[in-house]
Amino acid sequence: MHTTPLTADLIRGALDLERTEHGLLPHRLPARARAQCADPQLHMAESQPSGVRLVFRTRAGTVELDTLPTKRVYVGAPPRPDGVYDLLVDGRPAGSASVTGGNTLTIDMAAGTAEQRPGPVGTVRFTGLPATVKDVEIWLPHNETTELVALRTDAPVEPVPDRGRRVWLHHGSSISHGSDAASPTTTWPALAASLGGVELINLGLGGSALLDPFTARTLRDTPADLISVKLGINLVNTDLMRLRAFGPAVHGFLDTIREGRPDTPLLVVSPILCPIHEDTPGPCAPDFGALSSGLLRFRATGDPSERAYGKLTLEVIRDELALIVRRRATEDPHLYYLDGRDLYGEADSAELPLPDDLHPDAATHRRIGERFAALAFAPGGPFADRAV
């Protein structure tokens, strides 16, 4: 077996690689951005490698990857499944596997505490690959912090040349991050990117799509041909700001992106339907009463009457985002708006309700990804390939 050093030219979808005592830890926010926020939720989310993958060319029939995952355990909640590694060969699915062991992060949502315990390195192994030159991609678990320790193959490895595909940079909440998707290649952004024929950089940050200036600067400074920002749900369920602050914050966020990307197609996407927050403000809280039946659910704890005092709901946010984009588009011909209910709306909610009242399941991720691709990448859409 050949051991290949894990270097940046073999890793896509990460904006920073931190050297650790075990190997490399991919980050989806650069170090300067991470240093500007002490929120443990953000640090956990950005270190979970949604959209990050190893990409290389080889004749190998066997591929082994040693990793050190960090698995989450929620006190009182059902055990979470191990993270999934998806294998693609020449762009086609060729297997999935998981790594046991690893560190354990125990989170007590009621007490607001977290405790991490160290664990052993594990190995994911794929065998029986065709003994021809091929492009191999290993997509890392979208919801499990993963340190890369070693890559072994039974034939030499080399980087894949640039295919000339456009780069799509997307920012959003846990839904964009991939919460409750079946695997890393079946999160809705990964599915949409595959259908659109683009390279994905996923800045979906669970619980952390909060109009942070450092996120806007990251979007500004990251080379990309297409940019989308899906805004709203985290601002409601954290009850972070009022309408008076929301509008200027959105303008400032978009202004920052435009400082570095004045002509890049920029798509603003409002929230998908989420019945608990359509008319009811946040904050959102776990429904601990549901845990007795083995379910983790969420509920809105705000008072609908507080909308009169500027509290945000999803309906309020959609109206404001549509207005902001409409006004800015008079001077920005590359700015577009998509109502999130076109991705998942009333009829979809009746057919495929959100299992925990907040996050879509695997089938809904597929539906959202297919619809986004049809609306954004198709001819006439904001992300249509003008060169074709």
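The radius of gyration used here is taken over C-alpha atoms, and the globule rule is 2.2 Å times the number of residues to the power 0.38. For 388 residues, that rule puts a compact globule near 21 Å, and the chain has 21 Å, which agrees.

Before going further, a word on the source: this is a predicted model, so local features need pLDDT of at least 70 and side-chain atom pairs count only at pLDDT 80 or more, while totals for chains, interfaces and linings use all residues. Residues are numbered from 1 along each chain as its sequence is written, and side-chain values use heavy atoms, with hydrogens and water left out.

**Overall build**

Along the principal axes, the C-alpha atoms fill a box of roughly 65 × 55 × 40 Å. There are 10 helices and 21 strands in the chain; these are DSSP runs numbered from the N terminus, with helices being H or I of at least four residues and strands being E of at least two. Buried residues make up 56% of the 388, where buried means under 20% relative accessible area, exposed means over 50% and partly exposed is in between (1.4 Å probe, protein chains only). Take the contacts (heavy atoms within 4.5 Å) with a separation of 6 or more: 78% of them are between residues 24 or more positions apart.

**Salt bridges**

The structure holds 30 salt bridges, each one a side-chain nitrogen of Lys or Arg within 4 Å of a carboxyl oxygen of Asp or Glu. Here are three of them.

| Pair | Closest N and O atoms |
|---|---|
| Asp 135 and Arg 57 | 2.6 Å |
| Asp 66 and Arg 152 | 2.6 Å |
| Lys 311 and Asp 239 | 3.3 Å |

Asp 135 sits in strand S12 (residues 134-139) and Arg 57 in strand S5 (residues 53-58), so this pair ties together parts that are 78 residues apart in sequence. Asp 135 is buried at 11% relative accessible area, whereas Arg 57 is partly exposed at 25%. Both also belong to a network of salt bridges that links Arg 12, Arg 53, Arg 57, Asp 135, Glu 137, Arg 163, Arg 165 and Glu 199.

Asp 66 and Arg 152 form a salt bridge too. Asp 66 is in strand S6 (residues 63-74) and Arg 152 in strand S13 (residues 145-153), so parts 86 residues apart in sequence are tied together. Asp 66 counts as buried at 11%, and Arg 152 counts as buried at 19%.

Then there's Lys 311 with Asp 239. This pair joins two loops, one between strand S20 (298-300) and helix H8 (314-328), the other between helix H6 (233-237) and helix H7 (243-260), 72 residues apart. Lys 311 is buried, at 9% relative accessibility.

**Cores and rings**

A nonpolar core is a set of buried Ala, Val, Leu, Ile, Met, Phe, Trp, Tyr and Cys residues joined through side-chain atoms within 4.5 Å. The largest has 59 residues, and those with the most contacts inside it are Trp 168, Phe 246, Phe 372 and Phe 377. A second, separate core of 23 residues includes Val 52, Phe 56, Leu 129 and Leu 148.

Phe 372 touches, among others, Trp 168, Trp 188, Leu 267 and Phe 383, not counting residues up to four places away in sequence.

The whole structure has eight aromatic pairs: rings of Phe, Tyr and Trp (its six-membered ring) with centres within 6.5 Å, counted as stacked with planes under 30 degrees apart, edge-to-face over 60 and tilted for the rest. Trp 188 and Phe 372 have ring centres 5.1 Å apart and planes at 50°, so they are tilted. Both are buried, and together with Trp 168, Phe 377 and Phe 383 they form one aromatic cluster.
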